[in-house]
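Have the picture ready as you read.

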Amino acid sequence: MKRQSEGLSAWQLTMMALGTVIGGSFFLGSAVAIRAAGPAIILSFVMGGALVYAILYALSEMTVADPAPGSFRTFSEKAYGPAVGFIVGWVYWTGMVLAMSSEAIAVSSLLQAWLQGVSIPVLGAAVIIVVTILNLFGADRLSKLEGGLAAIKLLAIIGFVVLSVAIVSGLMPGTAQGKAGGLVTEPIFPTGLGGIAGSMLIVMFSYAGFEIIGLAASETARPDKTVPQAITYTVFGLVGLYVTAITALLLLVPTTALTPDQSPLVTALTAWNLGWASNAINIVLVTAILSTMLAAMFGLGRMLRSLADEGHAPSWVRDKGDIPYRGIVFSGAAMLGGLGLGLLLPAQVYLFLVSSGGFALLFSYLVILATHYKLRKQQGCPPQGKCQLPGFPVTSWVALLSIVGIIASMPLIPGQGAGLFAGVGFVALFSLMYVVNKKFGKRLAQVDVRSAESWASQGLRTAEMQFETAEEFSVESKLPQEQERNSSSNKDKYCLDTGNKIDNKKVVESDSNKGSRHK
């Protein structure tokens, strides 16, 4: 893929990452995590931020060394072989497609409040089609759009924090006294360490999408400088925003007031008689989900192209230009399939879509850390950068064990066990697909080679027969001509000899006459 002349800047990469990360998982799904952990959810978000720090800086070191399309999938293939690259690429792609299908269902439900005459399937399909079309315009235009949408989400979170401070301090007029916040009335660890462990899947899913920085690294002109800057902005910006917003939220309402069907921000503002603000939050929620889907589609198209370039995906999804048109369109079609699946069995499949997407992301993060550990041991720091992950290798081992612990704790929250089962099933399925493809692919290749050799040998034999036939025909056709030429040559030779005899005779006669005259 040809890199753009100017490339994406660190700010554009940061806004694209924030556009992917701050989505429905935080504005809507965080209610489940808050109820599971109580006020200790603040600690969960801090711990999640620390994990993101380790994962992103591990990814940054590898990206600076090799800003190749495919990012962590390509790196894992170099470190552990094509099987791992195949499995992690397809697990990530499948999980993100399912997760974005669930986001399409969520945003359709919100839009139906304003467009009551339009059904959820039509709205969901329209959203996916629009997101697909917008991604076809390229990284530069998409980054500008993502920058605007991300700014709206950031301003919404900042506005919520300002309103919360004004309410708590008594500076907001017209607000009826609501319930005391959970941060004041509830114990910090109401459900113990199990609640924190159970909340970590949704917390990490709220951070999900930061890996877009690695996938977009090939779109930058100076990845050795741009990528580390974008990672620093993203990590500290996300942790600061999330921790501040959750703290402000818990100052307004108890954790028992939150429900999965409504954004916790809307619940908090409604409890203090700020209905107009809650309507604004719903608009921001729609914007957040659309922004997340746009940025996720950006990464999905490039992941699919990376798979196709290595022969892990059908060749007809491969694109040679800057924009992976076929990968984007194929990913959009897959999202439409996931949308249909979720609408056919909404009660069972919706949670399956969300939790399986979360497992796919955690699995990808696990591979990123394991790949970085191996490459760092073998090759050291990147040649054009520096070692950015502090405390290696202890930091890597702590992060690896933490990811494994989060995956193991998924069944602690009702409904998340389905995601764990589905995720493990995806890993097993794609492992089997790789083995079958490798085994039968070789056989087919051998059959093709043998067929080609057979056809080639037949062609050579045919060519030899044709050559021999042509040679015989040529010899036969030349015989009369040679005989005729020989005959004419003999005649000419005979005429020449005769002429010489005649001339000699005349010469003799002439000489004799000359002699007689002398006498």
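Axes here are lines fitted to C-alpha atoms, for helices over the stretch in contact, and the angles between their N-to-C directions run from 0 to 180 degrees. Two packed helices are described by that angle and by the distance between the axes. Keep in mind that this is a predicted model.

Start with helix α6, residues 82-111, and helix α7, residues 120-135. Their axes lie 8 Å apart, and the packing angle is about 120 degrees. Angles over 145 degrees count as roughly antiparallel and those from 65 to 115 as roughly perpendicular, so α6 and α7 are oblique to each other. The crossing of α6 past α7 is right-handed.

Which residues of the two helices meet? From α6 come Ala104, Val107, Ser108, Ser109 and Leu111, and on the α7 side they meet Ile120, Leu123, Gly124, Val127 and Ile128. Sorted by class, this contact of α6 with α7 holds seven nonpolar and three polar residues, with no charged ones.

Now turn to another partner of α6. Helix α5 spans residues 72-80, and its axis comes within 7 Å of the α6 axis, crossing at roughly 155 degrees. With 145 degrees as the cut-off, α5 and α6 are therefore roughly antiparallel to each other. Here, too, the crossing is right-handed, as α5 passes α6. On the α5 side, the contact is made by Phe72, Arg73, Ser76, Glu77 and Tyr80. On the α6 side, Pro82, Val84, Gly85, Phe86, Val88, Gly89 and Tyr92 take part. By class, the contact of α5 with α6 has seven nonpolar, three polar and two charged residues.

Methods: Residues numbered from 1 in each chain as written. Predicted model: local features only at pLDDT ≥ 70, side-chain atom pairs only at ≥ 80, totals over all residues. Heavy atoms only, no water. Helix = DSSP H or I, 4+ residues; strand = E, 2+ residues; numbered from the N terminus. Parallel < 35°, antiparallel > 145°, perpendicular 65-115°, else oblique. Left-handed = near helix turned anticlockwise from the far one by under 90°. Contact = heavy atoms within 4.5 Å. Nonpolar A, V, L, I, M, F, W, Y, C, P; charged D, E, K, R; others polar.
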